[in-house]
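Dear colleague,

My notes on it follow, and I would be grateful if you would read them with the model open.

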Amino acid sequence: MSLVTLPNRERQTEPATSSLKVPFWRKISRFDLIVLTLFGLAAGFVTARLWGHPRTRLLINEQDQIFFQWVLAHGARVARGAQYPFFTELLNAPDGVNLMANTSVLGLGVPLAPITWIFGAEVSFIVALTAGLCGTAFAWYWVLSRHVVTSRVAAAVGGLFCGFAPGMISQAQGHPNLIAQFVVPFIVWRVLCLAEEGRAVRNGVILGLLVTYQAFVNEEVLLFTALACGAFLALWALQRRVFPLVFVKGLAVAGAVAVVLLAYPLWVQFFGPMHYSGLKHGYQPGADLASFTAYGKQALISRGFQSPASVHFAEETTFFGWPLFALLMLIVVFLWRDVVARSLALTGLGFALVALGPVITIKGNPTGIKGPWAALDQLPLFDSVIPVRFGLVLTPIVGVLLALATDKVLKMPAGSLPIRGLWAGVLVAALLPSMPTPLEITRQEPVPHFISAGTWRQYVEPGHTLVPVPLPTYPRPEGMRWAAVANLEFALPRGYYLGPRDGVAGSSAQFGAPERPTSTLLEKVATTGKVPAIDATDRQAAQEDLDYWKASVVVLDPAHRHTGHLLDTLVQLLGPPTKVDDVWLWKVVKP
């Protein structure tokens, strides 16, 4: 039993074994290049507003973009051999951050290192977004066209949806780790290849290597992929009443390879310094039941309007719109006799139910009815996942169903031309309203010249930190953007990341560092614009906090809307500042 026979799908090509002798570049046809170009143009259109102004434009999901710019700069340092990959003291100094317990995207940051070195992390971030969308779409097209359907047009339809579905465009608002799914279709393909007799070791090794790479892009997507493959294969095997035992051997080999390669990084993640257990920070939204027939915020028909069914504009994983939802129901009926399509549909239904979260809501109103997630959220691994993201699994399932249905229509006899034309019209009517629009952005001031020109080097001593004001934290960790521009050559206190609550390793997660008196005071001024009365206790606390952070210099952000109020507060706390370049700064006197 092989990949080709597993879906029981007719093929018009040579056996899969013969294609292994053909060099990869000779398998690429003119049609493939056209599809790749179109996908690239589509990805460029979605990210177009960022490309023109990479240093003065941020996505409206500012904090996530800044975080990923920081970790992309970290990946560039790792590629240069200047940084340990899994833990850093350059953020949240002096305690540091467990980067394996955060989405550090080493699988993107290291390959993009040359771009980061030459153009900076701002450009690397845009490249990661654009390549993630285009690469995911083309990867699904490649696997579908070579191993699932006979029509490359049908594969292109499926790949287009897999790369540019509303859920993917929503996640593109700041989550390159979640849209970079170009390895996923190859993992799925290699899982199916485990059924090939006599190749368990070879196929297992390849699968183990793919799994390892995906773990360094995003573990969450890897978990979803594993669960979806398991559910699909279980449903397929039950319906066919067969289970090839060769799967077990292949999975054992794949598991052994992945365990050997990932054992140490995973030990750091779950047992290393500053590790945490579970996302009990209160942000565990589920998908709204009304979202399945609603349109996402970035859809053409929405014009920027956010549906009441949306839990967050960057988490609209289950927004298909009613025309596509209706078409999907028809496709399921149309293909129901096909065991592969039926297994896909049932798998999708299961993930849709899990994505609803602990309590089912309709247009933001809780119904009081518990969803399946209520029985899962305390289990290991599941306690670190946001349930609405299980809806991401629906995107490739719908994409594959669209490809299968289109392939079946295109295989109809030549006299069925009117049916083919009708099908093309139905596809356009269902997909056009959800066509993505360019990602929304906000205008930002450039990073201070004091930072970008490297003047800061004259003031920050080795082993000490630069303290930006406001201090980097949620929802605007601007100081991390400064550090990324400076190639992470200086350390920062605090930051936007996931760490253990109250800084106690092994406790549940929280965003950022535990509060300290000075950080709380300055954050309140930055938020309200009100200057408090400062007394000797505040000054003493500020000195203690600066000592704790190992500060060399305090630098006031000149572009902050409450710069004047922060300046007045800092003068009371630390005395008169010095104007250097375009910033106000205070040299910290060591005790």
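Over the ring of which residue does the charged end of Lys-408 sit? The ring is that of Phe-334, and the charged end lies 4.8 Å from its centre. Please bear in mind that this is a predicted model. A second contact of this kind involves Arg-342, whose charged end sits over the ring of Trp-336, 5.7 Å from the ring centre.

Helix H2

Helix H2 comprises the 17 residues 30-46. At 1.5 Å a residue it should span 24 Å, and its end C-alpha atoms are 25 Å apart, which agrees. Its buried residues are Asp-32, Val-35, Phe-39, Ala-43 and Val-46. Viewed down the helix axis, these buried residues fall within an arc of 70°, so they line one face of H2. The face turned away from that buried side carries Arg-30, Leu-38 and Leu-41, which are exposed. Among the elements that cover the buried residues of H2 are helix H3 (48-51), helix H7 (121-147), helix H8 (152-164) and helix H9 (166-171).

Aromatic pairs

The whole structure contains 21 aromatic pairs. In one of them, the rings of Phe-31 and Tyr-141 have their centres 6.4 Å apart and their planes at 45°, so the pair is tilted. Phe-31 belongs to helix H2 and Tyr-141 to helix H7, so that the pair links parts of the chain 110 residues apart. Phe-31 is partly exposed, with a relative accessible area of 32%, whereas Tyr-141 is buried, at 0%.

Tyr-496 and Phe-511 form a stacked pair, with 5.7 Å from centre to centre and 25° between the planes. Tyr-496 lies in the loop between helix H20 (478-485) and strand S8 (498-500), and Phe-511 lies in strand S9 (residues 509-511), so the pair ties together parts that are 15 residues apart in sequence. Tyr-496 is buried, with a relative accessible area of 8%, while Phe-511 is partly exposed, at 38%. Both residues belong to one aromatic cluster, together with Phe-67, Phe-68 and Tyr-474.

Strand S10

All 6 of the 6 residues of strand S10 (residues 551-556) are buried, so the strand is largely enclosed by the rest of the structure. S10 pairs with strand S7 (residues 465-469) in the parallel sense over 5 bridges, and in this pairing Thr-465 has Ala-551 of S10 as its bridge partner. With strand S12 (residues 583-587), S10 runs antiparallel and is joined by 4 bridges. There, Val-553 stands opposite Lys-587 of S12.

With kind regards

Key. Residues are numbered from 1 along each chain as its sequence is written. This is a predicted model: local features need pLDDT of at least 70, side-chain atom pairs count only at pLDDT 80 or more; totals for chains, interfaces and linings use all residues. Side-chain values use heavy atoms; hydrogens and water are left out. Helices (H or I, at least four residues) and strands (E, at least two) are DSSP runs, numbered from the N terminus. The expected span of a helix is 1.5 Å times one less than its number of residues. Buried means under 20% relative accessible area, exposed over 50%, partly exposed in between (1.4 Å probe, protein chains only). The arc is that of the directions from the helix axis to the C-beta atoms. Contact means heavy atoms within 4.5 Å. Two strands pair if DSSP finds at least two bridges between them. Rings of Phe, Tyr and Trp (its six-membered ring) pair if their centres lie within 6.5 Å; planes under 30 degrees apart count as stacked, over 60 as edge-to-face and the rest as tilted. A charge sits over a ring if NZ of Lys or CZ of Arg is within 6 Å of the ring centre and within 35 degrees of the ring normal.
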